[in-house]
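Subject: Structure handover

Hello,

Here is the structure to look through. My notes on what was found follow below it.

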Amino acid sequence: MGGTRKALIVGATGIVGGAVLDHLVSAEDWDVVAASRKPPLRDTGAAWLPLDLLDPADCRRAIAGQRDVTHVFYTAYAKAPTPAAEVAVNLPMLTNLMDALDSEAAGLRHVQLVHGQKWYGSHLGPYRTPAREDDPRHIPPNFYYDQQDALAARQRGREWTWSAVRPQAPLTFSLGSPMNQLLVVALYGSMCRELGLPLDFPGKPGCFEALYQVTDPGLLARAMEHVAVTPRCANQAFNVTNGDLFRWANLWPRLAGFFGVPQGRVRPLSLARIMADKSSLWQRMTRVHTLAPHAMETLVDWAWGDFVFGSDYDNVSSLLRLRDSGFHECIDSEQLYLQKLQELRDNRIIP
């Protein structure tokens, strides 16, 4: 580190925040500050800034000590029970931070938001694909809309610019993150192996055959940097994925091979329901296989798995805008899935 740009990564202990933190710490020309309410679980080499986004006074205190920030990567998210409740908590978090930045960070150049495919209504049912950044919005509430609209309105007439990235399913290890499908697959497959069961696909037949996309966190972080520092990307949103597509029908046999079990059949079921009594099984597996001592509830949200495997329609984003801006990286998503599962095994997260 030690460069001409200073990044403030807000929500740095999350999936996306951690990825961009790792990337910028190792990149040239960046000084990096990691901001979060809770301290990081590992040493990244970046300074840690305790920050409560729901407290305007704490935001002013924190930013007063970081007046030389030039780029903000806003990756924070607060889970809430309903879409309206998500707006009620997530919009003030961003507003509190921006109020503090407006008054303290005179050298601010760019603020970047991290959203996702829910922008297009992927959580509501089939949507127009391949999704393009300027497609018509679905009926609100959607806190993504409120955040981007508020940031765009605030930016008018200012010297700094904004951007938003919309990845799909970043694959990595994380604790306490509600939307992590990698850990859903990892724990589900590991339990099937432990119980001597085939790897049934726990979703709808349409999902098994639909087109799907995921995102490598490293690729996402590099794309985020590219968008944040490239002038032609200013004041726009960008889809970011691995650049390829897959079907669970093609990946599932490879997943069964990884777990060392026969491939099962498509068997629609609720993971949230059938896993409700599996904490004791995971505790026993952790002990027998000398795994890292993480409770099942800190690793996986089975309801999120039900959403992923219940989406019986294509999930496809257009990358034309990102490619036209000069970012051309792509990754084999099926191979990435197996690589990330092996990393979990190597780190004793799963047996």
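**Strand pairing and burial**

In β9, Gln236 is the bridge partner of Ser163. This is a predicted model, in which local features need pLDDT of at least 70, side-chain atom pairs count only at pLDDT 80 or more, and totals for chains, interfaces and linings use all residues. Residues are numbered from 1 along each chain as its sequence is written, and side-chain values use heavy atoms, with hydrogens and water left out.

Helices (H or I, at least four residues) and strands (E, at least two) are DSSP runs, numbered from the N terminus. Two strands count as paired if DSSP finds at least two bridges between them. Strand β6 (residues 161-167) and strand β9 (residues 236-240) run parallel and are joined by five bridges. Five bridges also join β6 to strand β5 (residues 110-114), again in parallel. Across that pairing, Val165 in β6 is the bridge partner of Val114, and Ala164 in β6 stands opposite Leu113.

β5 pairs in turn with strand β4 (residues 71-74), in the parallel sense and over four bridges. There, His71 stands opposite His110 in β5. From β4 the chain crosses through helix α3 (residues 83-104) to β5, and this β-α-β crossover is right-handed (with the strands pointing away from the viewer, the path from the first strand over the helix to the second runs clockwise).

As for cover, buried means under 20% relative accessible area, exposed over 50%, and partly exposed in between (1.4 Å probe, protein chains only). Five of the five residues of β5 are buried, so this strand is largely enclosed by the rest of the structure. His110, Gln112 and Val114 lie on one side of β5, Val111 and Leu113 on the other. In β6, seven of the seven residues are buried. Thr161, Ser163, Val165 and Pro167 point one way from β6, and Trp162, Ala164 and Arg166 the other way. In a regular strand the side chains alternate between the two faces of the sheet.

Phe173 is found in the loop between β6 and α5 (181-194). Phe173 is partly exposed, with a relative accessible area of 32%.

Regards
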